[in-house]
Amino acid sequence: MKALKYFSILILPIVVWVSFTNKGWLTHLPAIIFFGFVPLLEFFIKPNTSNFSVEEEQAEKENKLYTYLLYLTLPIQIGFLIFFFYIIQEPLSNSELAGRIFAMGIMCGVIGINVGHELGHRNNRFDEFIGEILLLTSLNTHFLPYHNGGHHYNVATPEDAATARKNEILYLFWIRSHFSSYVEAWKLENKRMREENRSWFHYQNRMLIYTICNILLLSFIFFFFGKFVLLCFIAAAVSGIIMLETVNYIEHYGLLRNKNEFGRYEKVKRNHSWNSNHQVGQVLLFNLSRHSDHHYNGSKHYQLLKSLPESPQMPTGYPGMMLLSLFPPLWFWVMNKRIKKFIFLEIKNKNTE
């Protein structure tokens, strides 16, 4: 029964269906729900700080329903993407066109990238392959090599493209994070090929295969649906990528690991990511907001992630924090005070040990 709450993600394809099959303000319904109603609702629902007991954790770890739900998102995502190629060709006003593109963009961000991220951490090729297909629907396949081999290794350091610096403006972060992580993904894969005595131009170079797949997908859309649909799809994919980078921004903003006497960074701990226990966004994003524990143990399945007191806490859930980050002066005013307070408490706790 505990797994059933995550099936609330099916609200997303329902409201996107409404957007795709209606006109006027209803084309903006997914944006209204996820970036209007959800942030407002989280102010009235108490955050959930409870964790599974040892016995419950073992039982839920073996519960395949959590994984089957992730598998279910694949046909949903592909089905809605194909549907999008047709309905975006209808006569639409500029507002309606933007509404439907952003609706598909939310699908790309929440299902394509977020579920792709979860499956990309699994230790079996089948799950990883499904994650790769989901990421392909958002043109963000380079995410896996960099995220697993770069971000999780360098998080909360200046070497990590996906860690936002203190006082870094979100809009500049989008550019730096996305393009730097793309370059780093190539470097990581090329290095892996060299270590295996293979040429970079080898079928086991994931970035090479991902690039070919992206080109084939874009060519397929252009050939069968035309230039206009191709541009609309790219716009939707970019919307999903921007959502991802905004999430990256809020997850690690201003947090840095300390260096030891040998100049090496301390190990990643649960205090190197911002955490959120706000329940609505937590469930809709498959516990992504319990990000501190995710970085502490990247292979842990989403349903098992814990909330711990040593993790720095966001004032609201992910959708609300994403909206706040769009206004840099307000973001800095809220979050810089939290960073200062968190660092003060850490120093105080160390002094009392």
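## Overall fold

Among contacts in the protein between residues at least 6 apart in sequence, 70% join residues at least 24 apart, a contact being heavy atoms within 4.5 Å. The model is a predicted one, in which local features need pLDDT of at least 70 and side-chain atom pairs count only at pLDDT 80 or more, while totals for chains, interfaces and linings use all residues. Residues are numbered from 1 along each chain as its sequence is written, and side-chain values use heavy atoms, with hydrogens and water left out.

The protein contains 14 helices and zero strands; helices (H or I, at least four residues) and strands (E, at least two) are DSSP runs, numbered from the N terminus. The radius of gyration is 20 Å, close to the 20 Å that the globule rule gives for 353 residues, so the protein is as compact as a globular protein of that length. This radius is taken over C-alpha atoms, and the globule rule is 2.2 Å times the number of residues to the power 0.38. Along the principal axes, the C-alpha trace spans about 65 × 55 × 45 Å.

## Surface, burial and charge

Of the 353 residues, 52% count as buried. Buried means under 20% relative accessible area, exposed means over 50%, and partly exposed lies in between (1.4 Å probe, protein chains only). The protein exposes about 17100 Å², of which carbon and sulfur atoms supply 66%; accessible areas come from the Shrake-Rupley method with a 1.4 Å probe, and for residues only the protein chains shown count as cover.

There are 34 positive and 27 negative side chains, and the centres of the two sets lie 4 Å apart. Lys and Arg count as positive and Asp and Glu as negative, whereas His and the chain ends are not counted. The place of a charge is taken as NZ of Lys, CZ of Arg, CG of Asp or CD of Glu.

## Helix α2 and its packing

Helix α2 covers residues 29-41, and its residues L29, P30, F34, F35, V38 and P39 are buried. The buried residues of α2 pack against α1 (11-21), α5 (94-120), α10, α11 (279-284) and α13 (318-325).

## Helix α10: T246 and N248

Helix α10 comprises residues 227-252 and includes N248; T246 is also found in α10. T246 is buried, with a relative accessible area of 4%. Residues up to four places away in sequence aside, T246 touches L170, W174, M322 and S325. T246 and A164 are 82 residues apart in sequence, and their C-alpha atoms are 9.8 Å apart in space.

N248 counts as buried because its relative accessibility is 6%. With residues up to four places away in sequence again not counted, N248 touches A162, F173 and S177.

## Cysteines

A disulfide is a covalent bond between the sulfur atoms of two cysteines. Here a disulfide is taken as a pair of cysteine sulfur atoms within 2.5 Å, and by this rule the count comes to zero. C108 is in no disulfide, and the nearest cysteine sulfur, that of C232, is 12 Å away. Seen from C232, the closest cysteine sulfur is that of C108, and the 12 Å between them is too far for a bond.

C108 is buried, with a relative accessible area of 0%. C232 is likewise buried, at 4% relative accessible area.

## Loop residues

Most residues other than glycine have a negative phi, and most peptide bonds are trans. N197 has a positive phi of about 55 degrees although it is not a glycine, and N287 has a positive phi of about 65 degrees, also without being a glycine. N197 is found in the loop between α8 (170-195) and α9 (206-225) and counts as exposed at 74% relative accessibility. N287 lies in the loop between α11 and α12 (291-296) and counts as buried at 2% relative accessibility.

E90 has its place in the loop between α4 (65-87) and α5 and counts as partly exposed at 33% relative accessibility. Not counting residues up to four places away in sequence, E90 touches K23 and R100. E90 and N63 are 27 residues apart in sequence and 43 Å apart in space, C-alpha to C-alpha. F327 lies in the loop between α13 and α14 (328-352) and is exposed, with a relative accessible area of 51%. F327 and L170 are 157 residues apart in sequence, yet 8.6 Å apart in space, C-alpha to C-alpha.
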